[in-house]
Structure formats: C-alpha cells, structure tokens
Amino acid sequence: MEFKLVSEYQPTGDQPEAIEQLVNSICEGRGHTTLLGVTGSGKTFTIANVIQQLNRPTLVISHNKTLAAQLYGEFKNFFPENAVEYFVSYYDYYQPEAYLPTTDTYIEKDLSINDEIEKLRLKTVATLLSGRKDVIVVSSVSCLYGCGNPEDFHQTAIELSVGDVIPRKKFLMRLVEALYTRTELELQPATFRVTGETIDIMAAFGEFGNQCFRIMFYDDEVEAIYSIDPATGQKLSSLDSVTLYPTNLFVTTQDRINRAISEIYLDLGKQIAFFEREGREMEAQRIKQRVEYDLEMIKELGYCSGIENYSRYFDGRAAGTRPFCLLDFFPKDFITVIDESHVTVPQIRGMYGGDHARKENLVEYGFRLPAAKDNRPLRFHEFEALTPTKIYVSATPADYELTKSEDSIVEQLIRPTGLVDPPMEIHPTKNQIDTLMERISGVVRNGDKVLVTTITKRMAEEMSRYLERVGVRSRYIHSDIDTLDRISILEDLREDMIDVLVGVNLLREGLDLPEVALVAILDADKEGFLRNVRSITQIAGRAARHTNGHVMLFADKITDSIYESVVESNRRREKQIRYNIENSIIPRSAQKSGKGQSSLLSEREERKPADINVYPLYEEHYAPAEAAEPTHGYMTRENIEEQIKRAKKDMERAAKNLDFLAASRYRDHMYELQKLLDDGSYTEAPIDEKFHHLKE
C-alpha cells in the first residue's frame, strides 16, 4: 500500500522547493540531508510530503516523549489510512540498578511498566514484520535500546488459516511459547481460554480493530476462525486467517534457553575464578549467589528479575556485540528523520556512556556478569551504520549535521502565514531595566505579551519580583518549578492573567506562543551554552509568530554569537520580505494554540472528575511544597500509603493518555511521599487521637 497524505492545505512558500530538494537528495543516494526550517514554517508538513513521494518506511526520532506524542498525532492526521506507530519507553518511572562504591550503596532496580504503551510497542514491531511498506514509526531514543531478536519474534508468531492441519495440543504449546497465559476466567490481553474444541484468544494488541479471536477445531483441522466480542463471546465476523504475535518483545525458543543456561554457568565459573585469583572472596560469593538464584528462577518460571542482563546469551550473540533494537526490524530501504537534531543527535551520542559507567561498577563489584555490559544502548557509530539515509530537521542545525550534509542543506525560510523573522535590536546594558520597562509598557498596552530571558535562576526571580513591584503582572519559570506549575503559568499567560514571563532557558519549555510580541535577552554577550548562536536564534524564534514581533539583546560588546545571529536573521528577513512583496502577501499572526497544553490540567480547572484525584496540597493553584510540609508530621503511615497509591494511579492514567508532563508530576509526588515513609516522618497515632487533649 502506498502513502496517502490527507490535508486541506497545499505546500506553499518555499515548501514545494524544499520537498523537491529533499526527495532528489535521497533519490540520488545521499545519506545525510538537513532541512533548515525556521520556526513556524511547517517542517512537519514538508516531511509528510517527502514521505508520500518517496513511499518508503520511515522512522521519526524525537528527543522526548511529549514531543514524540505530538508528532505522532500530526502524522496520524496526515496519514489516516496508513500505519503510523508510536514507540517510546514503556516505563512510567524507572530506577536502574546501580552500585555506589564510595558509600557502599546498592540501589535495586525499581520500575513501573505502562501496559498501554507496551501494546503500542508490540504493535509497532508486528507492523514492521508484517511486510507493509506504508509504515511511519515515531520514536524517542528508546529505539536505541535492546528489544529482542527479530528472527525469534517472527518465528514465535503464529499464522493460522481455515483448513490448516495442526494438532490442537501443539497449537496450545505454541501459544504458551508466545507467552500467552491460559485462563478459565474472563479474557484479558495475552490470555486464552479452552472449551473443548474451541479456543478463545485475546491478543496482546488489536490489529485492524480486532483483538479477540475464536479458533474452532474439528479433530486436528482448523474449521473456522471468528472475531468475537471478548465480553459476550458474540461472533462479530468470520476470518480466513489470523496472525497471533508474541505478547512480549523478548521471546526466544526453548533450545536457546537451554543453551543460554549452559553458557551462563560457564561464564559464572570464570568470573568466580577471576575474583578468587584477585583475593576478592566477597565479590566471588556475591556473584555466585546472585547468578545461581537467577538461573533457578529462569529454569522454573522462564524469567527472573534483571533477565535483560543475560540477553546476549538468549540472543546467541558474541561477547562485545551490540544488542538487537527496533532498527533491526525495519527493511533496509527505510528513512530516518531526526527531529530537532541539534538536541536529539547529542542525546543519541550520550546514551552509551552513562549506561556503560553504571554497568562497570556492577560488574567490578560482583553484582553482574560481564555480559551485562552487552545489554546496552547503541554506540553512536552503530546508530550511524544502521541508519544509512537520514534527514536532520532543525531551525538551528549543529556542526555535525551541517558537516555530514555538506551541500545537501535544504532551507525552508518562508512561513505559510507570511510572517518574517523578528528584527533584532542591540542595546547597551547601561539603564537596561529602564529601557526594557519602557518597551514592556508599550507592548502590554497593545494587549501583547513579553518573554525575558536571564542568565541565572536568581536573576529571573529577582527580575520577576521587581516587575510585580512596579505594577507589571509577571511570573518566573525555570527548572526548579514543578512540571504542572510550569504548565499552569503558561496557561495564565495565554489567559491574559500575566503579561511578562521571565525565565533562564525558555527553550526547554518548547514555547510556541503567538501572543508574544517581544523577546528580551539580558546578558546577551555572556558567551556560553545559554548565549551561543543556536540559543539566541531559538529564543528569538519565540517572537516569530507575531506580526509585530521584536527581539531586544542587551550587550556591551558584539560577540561572535550575536554577530552571526543578527547576520543570519537579516538574511532570512530579506528573503521573506522579498517573497511577500512579489506575491502580495500580508503577514498574519499564527493562530493561538488551543486552550490547555495538558488535558489533565484543563480538566482539573473546569471540574474535579471522579476518576482524577486532586491532592489537598495542590487543591487550588498548586501551592509551594514548603507551605504544606508541616502537615506531613500529622499524617499516619496508612494515610501516606493511600496517597502513594492514588499518586501512582493518577500517574498511570496520565501516561496512558500520553500526557507525560502530568505523569512526571504525579511520579515526583509519589517519590516525595515514599521518602516520608522511608524517613519515618509520620505520626503513629491518628490525627483525632493526637489532638484528643485539645478537644477536652
């Protein structure tokens, strides 16, 4: 099936030229192409058109779950008739196993798996193995981590057609090998129920809307296959065939399991001998106990905690070789699109280093076999080798992308709205506050908003307090502000409750606010991460969605970063203005984003639904944590445990709705409550009993 792009818009501005150049670059066999598109130029729509014309499977990588979810929604709208899949980490929270030798502290692995995201991951793999070419997978860097052998996953899948001859007992054994569980109760995902010659199966995920099937045998022949309602058992439709995929990405055959156990025993003996030669009896005893316990669990149950550390044995890989990952499931001709490449590429590059350092300690001190180090994310050169055709998408591509792309750099500078880059003004730091206040007054009188970026958190807080003292409605925002509080502050800006937002690195918020008419950059001449070319350009782009957008840079010297930013901005403005004049286009502001960045937050403001818990601590406007800390001393252990359960439930619900910002907030609250339990910061007596003497 071919890709079919559905949209009420047609490529405009320099989008047609950008699409043509990208398609030609890839058709000519170039492995690296950069799409340099300004903020608001419709880069996602351009990539969608490229995908349709090339008609090749595509992997889109984003640097975090939230942006990945937004891209997934956009591509789903663009290609409703094609397979658009979502592949991100399925952990709601994850504490990796670690050992800190300086304090002799062992940290046990702790995690919570989101079942809904796990289904989406399974569906992604199954779609790729189905042979379809019209597949788009939107992923986070989770695609770099191990996810099982594609060959084993494919071999474990069960393809069944009406008329097939297969012994019923053998079919049931194959279901068990695919990690389905037999039940006599209500069907749940990844379970099956046997009634005589009839077998009802609920797959791990739904394919084409079907998830529950009934297989009817006559002796050893498959007589009929139906799609059924899991609750009533009513037949919905007759099927000629069905494919049942494994319920887990990490599946293997019994032969591999037996071989793996033998190899683990051999390596265990070698590691024990190594520690004994070194005179490290404690480490030798530790590794012996841990691995022998894991092996007993694998023999009896087929798995153990931390079984991923033995993945090399189950995959049949040699020592030092990379694990299988999502990239191995793609056909050879797929395209990789790296969104916000100036952030995503460094993240991909850094994945291996952190994981390797943690595993080194675990192996060195006898907590894991050396094979644990082979359960890892890809090294950067391995990622490069597995993704031969890449498109880097960014408004500020880094040196790596530009160097790799050489002459394959495609510019997209014209916005469909006709908006031009905001002019950049440089002002001296002397009397900068007075100059800024004068401009803020004019912007606020017009009903527009202002962003101010500072170099430190303290400066952001003090600037915000000063603005409030002189009568300007202002708030500050930086990394110490809780996730949902940040969302609430942005909502206040959109709802005209504040006029000026002060922050340190406002890039991390992903702010696309059409209301912002002025961006002020204080200490613009302080060279560094927050004031390099890319940061200045990205910050300036926050004013690019307003017809009267302006950028003020306060500096006493023109640094290389300022110079390059202004020169590039002027070049873009010249091209954009010339295009508007030639085509008689009148710039118009971008439409305001819909109310509420977080569906959970917007629901909370409108009402308190029965299925969402609101903690008393944050009942009104998420009051600061220190204001409520004294009440913790009056909570009993049962109260805290109940709050932890509620926090976990809300976290899982938010993650299920792909609202990862809200999920992270509930996760943090759960950790705070757990720390109270661990520290013993609670009362042993109920509150009424504690204050009984006051009542008397």
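Predicted model: local features only at pLDDT ≥ 70, side-chain atom pairs only at ≥ 80, totals over all residues.
Residues are numbered from 1 along each chain as its sequence is written, and side-chain values use heavy atoms, with hydrogens and water left out.

The largest cavity holds about 180 Å³ of space, and 17 residues line it, with Asp-421, Thr-537, Ala-540, Gly-541 and Arg-572 lying nearest its centre; a lining residue has an atom within 4 Å of a point. Helix H16 (533–540) and helix H17 (560–582) are the elements that give two or more residues to this lining, helices being DSSP runs of H or I with at least four residues and strands runs of E with at least two, numbered from the N terminus. The lining of the largest cavity comprises seven nonpolar, six polar and four charged residues, where Ala, Val, Leu, Ile, Met, Phe, Trp, Tyr, Cys and Pro count as nonpolar, Asp, Glu, Lys and Arg as charged, and the others, Gly among them, as polar.

Turning to the overall picture, the protein chain has 22 helices and 25 strands, and buried residues, those under 20% relative accessible area by a 1.4 Å probe on protein chains only, with exposed meaning over 50% and partly exposed in between, make up 51% of its 696 residues.

How are the strands arranged in the seven-stranded sheet? This open sheet runs in the order S3-S8-S2-S17-S18-S1-S19 with parallel pairing, two strands being paired if DSSP finds at least two bridges between them. Strand S3 (83–87) and strand S19 (409–412) each have a single partner strand, so one side of each is left without a neighbour in the sheet. Strand S1 (residues 32–37) pairs with strand S18 (residues 390–394) over five bridges in the parallel sense, and within this sheet Thr-34 stands opposite Tyr-392 in S18. Helix H3 (residues 65–78) packs on the sheet, touching S3 among other strands, and its direction makes about 170 degrees with that of S3; contact means heavy atoms within 4.5 Å, and angles run from 0 to 180 degrees between N-to-C directions of lines fitted to C-alpha atoms, for helices over the stretch in contact.

A further open sheet has six strands, also in parallel pairing, in the order S20-S25-S24-S21-S23-S22. Its twist averages 20 degrees from one strand to the next. Helix H13 (residues 432–445) packs on this sheet at about 170 degrees to S25, and helix H14 (residues 457–469) touches S22 and S23, making about 175 degrees with S22.

Finally, two backbone details deserve a look. Glu-406, in the loop between helix H12 (399–405) and S19, has a positive phi near 50 degrees and is exposed at 60% relative accessible area. Asp-523, in the loop between strand S24 (516–521) and H16, likewise has a positive phi, of about 55 degrees, although it is not a glycine, but Asp-523 is buried, at 12% relative accessibility.

Methods: 1 Å grid on protein atoms, 1.4 Å probe; cavity = no way out; pocket = protein on both sides within 12 Å on 5 of 7 lines; lining within 4 Å. Points joined across faces, edges and corners; volume = space filled by probe spheres on them.
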